[in-house]
Amino acid sequence: MIDLYTWSTPNGRKVSIALEEMGMAYETHPINIGKDEQFAQAFLKISPNNRIPAIVDRSSGLSLFESGAILLYLAHKSGKFHPRIGEAHWRVIEWLMWQMGGIGPMLGQAHHFLRFNVGKAPYAEERYGKEAQRLYGVLDRQLADHPFVAGDYSIADMATWPWIARFEWQGIDMHKFPNVKRWYVDIAQRPAVRKGYKVPDASVEIPMP
Ligand SMILES: N[C@@H](CCC(=O)N[C@@H](CS)C(=O)NCC(=O)O)C(=O)O
């Protein structure tokens, strides 16, 4: 049994989608980041960076924060969605790190300036708007000759897809990125993704281009 500390955000959804895809038992503990619950002392013990997501594996007592580390742990534990050896192993790590270093932080800034603070910082709006377009271009080129981000469906897709689900916040017209659109729509139809997307808020719907 995995205890999942999460909220309805792209980083949180990476882990609920992975747990659903891997068929692992988990209990959800919502951490309302709008009410600063991420700063509670009890939560800091398992997530010293005071951000969601975090997990505790009840079987070992191990706690983990940082969504990339959590995805690698769950893939290792379940033996699914991350080939153990060879080039395929490293391709998944490569694209997972690309998500963690590029897609997550840069699109997060795009949300901040393009959606929540429009007009306050034109330079930042231009910078992160352009970076969002560039990252979608990288993803579109990769998906032109790969069915999924790193070849077969993997934790690299589970890390990237929830961020792309906020394309409207990023000023992205997904029709301009046809390979991203094909990949996004395919993954949106997976039952585990549909279920994991609704953790911890069952009222939300997946945005469709
Ligand atoms: N690199 C971290 C980022 C986690 C992160 O930024 N989480 C956001 C929600 S998506 C959060 O907890 N924000 C709370 C805050 O900014 O105080 C990861 O991938 O786990």
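**Ligand contacts**

I started with Arg51: an N or O atom of its side chain is 3.1 Å from an oxygen atom of the ligand. This is a predicted model, in which local features need pLDDT of at least 70, side-chain atom pairs count only at pLDDT 80 or more, and totals for chains, interfaces and linings use all residues. Residues are numbered from 1 along each chain as its sequence is written, and side-chain values use heavy atoms, with hydrogens and water left out.

I looked up two further contacts. A side-chain N or O atom of Glu66 is 2.8 Å from a nitrogen atom of the ligand. For Ser67, a side-chain N or O atom is 2.6 Å from a ligand oxygen atom. I took a polar contact as a pair of N or O atoms within 3.5 Å; within protein, one must be able to donate a hydrogen and the other to accept it, and residues adjacent in sequence count only if both atoms are side-chain atoms.

I then noted the area. The ligand taken alone exposes 520 Å², and the protein buries 78% of that (Shrake-Rupley method, 1.4 Å probe; for residues, only the protein chains shown count as cover).

**Ligand shell**

The list reads Thr9, Asn11, Lys14, Ile33, Gln38, Phe39, Arg51, Ile52, Pro53, Glu66, Ser67 and Met100. By class I have 5 nonpolar, 4 polar and 3 charged residues. Here Ala, Val, Leu, Ile, Met, Phe, Trp, Tyr, Cys and Pro count as nonpolar, Asp, Glu, Lys and Arg as charged, and the others, Gly among them, as polar.

**Cis peptide bonds**

I found Ile52 and Pro53, both in the ligand shell, joined by a cis peptide bond with omega of about 5°. Pro53 lies in the loop between helix H2 (41–46) and strand E3 (54–57). Helices (H or I, at least four residues) and strands (E, at least two) are DSSP runs, numbered from the N terminus.

I logged another cis bond from Val199 to Pro200, with omega near 0°. Pro200 is in the segment after helix H8 (191–197).

**Positive phi**

I noted the background: most residues other than glycine have a negative phi, and most peptide bonds are trans. Asp36, not a glycine, has a positive phi of about 65°. Asp36 sits in the loop between strand E2 (26–30) and H2. I put Asp36 down as partly exposed because its relative accessibility is 46% (buried is under 20% relative accessible area, exposed over 50%, partly exposed in between; 1.4 Å probe, protein chains only).

I found that Phe81, also not a glycine, has a positive phi of about 65°. Phe81 is in the loop between helix H3 (67–78) and helix H4 (86–116).

**Pairs apart in sequence**

Trp169, in the loop between helix H6 (155–164) and helix H7 (178–188), is 55 residues from Leu114 in sequence and 7.0 Å from Leu114 in space. At 21% relative accessibility, Trp169 counts as partly exposed.

I placed Gln133 in helix H5 (residues 122–144). Gln133 and Gln170 are 37 residues apart in sequence, with 8.7 Å between their C-alpha atoms. Gln133 is partly exposed, at 35% relative accessibility.

I ended with Arg194, in helix H8. Arg194 is 11 residues from Glu205 in sequence and 8.5 Å away C-alpha to C-alpha.

How values were computed. Near = heavy atom within 4 Å.
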